Each structure stands twice: as structure tokens, then as C-alpha cells.
Amino acid sequence: MLIREAAASDWPRIWPFWHRIVAAAETYAWDPDTSEEDARALWMAPGKRVYVAEDATGAVVGSAYVTPNYGGPADRIANAGFMVDPDHSGRGIGRALANHVLETAKADRYRAMVFNAVVETNPAVNLWLSLGFTIVGTIPDAYAHPTKGRVGLHVMHRAL
């Protein structure tokens, strides 16, 4: 697997799984009806370092970004987002992207990474915990999951 910085031309290969994941409304606190134009602005915004994971055939099977979570005096705290094409889940792509982003954030002199809204039923919670993140708080009943009803949103943190 190759992880590299994304180019603007990668968006058409990210959008299909981005849309599928967000429209499912199970793991991201973004509007399931987000348009492609708005999705691109969210994911590929200036100031974000965006990456793609390619499999051996060159297919884009995942993407991630890292960006400052705050500005001003707190600008050394990073935030990140991760998506793996559901057709390619369970192959270590998320872990590989996470390790790459964590290493990049540390090299960019971020001091910590914060995830602001991790749906507590998201299977990726176990990945984040295994990578040293801790749950610093949970906002109860904050997320309307389509099959599980109201569930919490975790705020997660890891020092770099």
C-alpha cells in the first residue's frame, strides 16, 4: 500500500466512498445529504494536509487529513479525519493511515491530536484506543444513529 499526499485530481476517487460513508450516518457527524461540492470543501480545504492510500492496483482505498484543531495559541493541537472505502475495510488501511498521519503531525510539531466527535458505536474507537488515544469525555445522546438510536459522541486525545 502506498500512502501519499492527495492531489486535487484524487477527489473523484475519494468522493464515492466519502459519500457512501457519510450518507450511511453511522460514523460521521456530517450531514448525510452533503453535496459533492460541500464535501470537497470539507475534506480538501486549504490548510489541511490530505493523504490517500492506494492499493497495489493504484486504486484509492482510503483517505485522511490533518489540520490544526484550534487557532492562535492552541494551534499546535491537531485534528484529523479518516475514511476507508467500506469495500476494503479490515485490511489495515485505517491503521496505516492513522500511523502515517500521527507521524506526520508529530514531524509538523503538533503536540497532540484531538478528535472532537467520535460516534461511540464507531468500530474505529477500538483502533484509536489501541493507538494510545484516550476518551477525555463523552457527550451523551448527542448523535442520532440510524439503527442504534441516540448514542454518545466521544472527545478523544493523544499526546504526540
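Colleague: Which residues lie nearest the centre of the largest pocket?

Modeller: A pocket here is found on a 1 Å grid over the protein atoms alone, as an open set of points with protein on both sides within 12 Å along at least five of seven lines, and lining residues have an atom within 4 Å of a point. By that rule, 39 residues line the largest pocket. Those nearest its centre are Thr 27, Tyr 28, Phe 82, Asn 122 and Ala 124.

Colleague: Before we go on, what kind of model is this, and how are residues numbered?

Modeller: This is a predicted model, in which local features need pLDDT of at least 70, side-chain atom pairs count only at pLDDT 80 or more, and totals for chains, interfaces and linings use all residues. Side-chain values use heavy atoms, with hydrogens and water left out, and residues are numbered from 1 along each chain as its sequence is written.

Colleague: Thanks! Which element gives the most to the lining of the largest pocket?

Modeller: Helices (H or I, at least four residues) and strands (E, at least two) are DSSP runs, numbered from the N terminus. Helix 1 (11-24), strand 4, helix 3, strand 5 (112-119) and helix 4 (124-130) each supply at least two lining residues. The top contributor, with 6 residues, is strand 4.

Colleague: Let's look at His 88. Is His 88 buried or exposed, and which side chain joins it in a polar contact?

Modeller: His 88 sits in the loop between strand 4 (77-84) and helix 3 (93-107). Its relative accessible area is 17%, so His 88 is buried (buried means under 20%, exposed over 50%, partly exposed in between, with a 1.4 Å probe and protein chains only). A polar contact is a pair of N or O atoms within 3.5 Å; within protein, one must be able to donate a hydrogen and the other to accept it, and residues adjacent in sequence count only if both atoms are side-chain atoms. At 2.8 Å, the partner of His 88 is Arg 91.

Colleague: Which residues does His 88 touch, not counting residues up to four places away in sequence?

Modeller: Contact means heavy atoms within 4.5 Å. Val 61 is 27 residues from His 88 along the chain, with their C-alpha atoms separated by 6.5 Å. Beyond four places in sequence, His 88 touches Asp 55, Val 61 and Ile 93.

Colleague: And Thr 34: which backbone oxygen does its side chain reach?

Modeller: Thr 34 lies in the loop between helix 1 and helix 2, and it counts as buried because its relative accessibility is 11%. Leaving aside neighbours within four places in sequence, its contacts include Trp 15, Trp 18 and His 19. At 2.5 Å, its side chain reaches the backbone oxygen of Asp 31.

Colleague: Which side chain joins that of Asp 10 in a polar contact?

Modeller: Asp 10 is in the loop between strand 1 (2-5) and helix 1, and it counts as buried because its relative accessibility is 3%. Val 52 and Val 60 are among the residues that it touches. The polar contact, at 2.8 Å, is with Arg 4.

Colleague: What is phi for Ala 25?

Modeller: Ala 25 lies in the loop between helix 1 and helix 2 (36-43). Most residues other than glycine have a negative phi. Ala 25 is not a glycine, yet its phi is positive, at about 60°.

Colleague: Last one: what domain does UniProt place at residues 1-160?

Modeller: That span is 28% helix and 36% strand, and its end C-alpha atoms lie 24 Å apart. UniProt positions are given in the numbering used here, feature names are shortened, and annotations may be inferred rather than shown by experiment. The unreviewed UniProt entry gives the domain as N-acetyltransferase.

How values were computed. On a 1 Å grid over the protein atoms alone, a cavity is a set of points where a 1.4 Å probe fits but cannot get out, and a pocket is an open set with protein on both sides within 12 Å along at least five of seven lines; lining residues have an atom within 4 Å of a point.
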